[in-house]
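Please open the model in a viewer and keep the selection tool at hand.

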Amino acid sequence: MLPSGNRMRRRDDFTLAVRRGRRAGRPNVVVHLLHPDQAPDAAPAPLVGFIVARTVGNAVVRNTTRRRLRHLMRPHLDRLPAGSLLVVRATPTAGTARPDELAADLESALDRLLRPTSKGRR
């Protein structure tokens, strides 16, 4: 489970991260990361939010998928810059994905977003 101080709750934070953040897509997840220098009212701790739409499955499948993603995200919190906003969006295939596939896709997307970028790109 994610600590309470790292949970994204405000709609504005979700919108900001999805619209202005960098994106990395994988078969089971799409991850959006907004660095703290781009977020106007950045919190001291990184905030993480999850989007699991109805296309993933029924309520039980969606809640299970969300719980899995929260559990998988916890060890990666220390890798996120302070004040950053991260949104993990589950794709329709995430509901039927094996836990190891979900973990691999999440880690791969995070690695891509946290890799140092060349000058001028963000």
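The stops below lead through a predicted model.

**First stop: the main core.** Select V31, V48, M73, L86 and V88, the residues with the most contacts inside the largest nonpolar core, which has 23 residues. Then colour the elements that give two or more residues to this core: β2 (29–34), β3 (47–52), α2 (59–73), β4 (85–90) and α3. Of these, α3 gives the most, with five residues. In soluble globular proteins, nonpolar side chains tend to be buried together.

**Second stop: V48.** Display the surroundings of V48. Leaving aside residues up to four places away in sequence, V48 touches L2, N6, R7, M8, M73, L77, L80 and L86.

Next, select M8, F14, L16 and V87, which are among the eight residues of another core, lying apart from the largest one.

Move to the loop between α1 (11–20) and β1 (22–25), where G21 lies. Is G21 buried or exposed? Its relative accessible area is 19%, which is under 20%, so G21 counts as buried. Beyond residues up to four places away in sequence, G21 touches L16, L33 and L34. Now select L85 as well: G21 and L85 are 64 residues apart in sequence, and their C-alpha atoms are 8.2 Å apart in space.

**Last stop: D105.** Finish in helix α3 (residues 99–114), which contains D105. D105 is buried yet has no salt bridge. Which side chain of opposite charge is nearest to D105? That side chain is R26, 5.8 Å away. Residues up to four places away in sequence aside, D105 touches R26, P27, N28 and V29.

Key:
Residues numbered from 1 in each chain as written. Predicted model: local features only at pLDDT ≥ 70, side-chain atom pairs only at ≥ 80, totals over all residues. Heavy atoms only, no water. Helix = DSSP H or I, 4+ residues; strand = E, 2+ residues; numbered from the N terminus. Buried < 20%, exposed > 50% of the residue type's maximum accessible area, 1.4 Å probe, protein only. Lys, Arg positive; Asp, Glu negative; His and termini not counted. Salt bridge = Lys/Arg side-chain N within 4 Å of Asp/Glu carboxyl O. Contact = heavy atoms within 4.5 Å. Core = buried A, V, L, I, M, F, W, Y, C linked by side-chain atoms within 4.5 Å.
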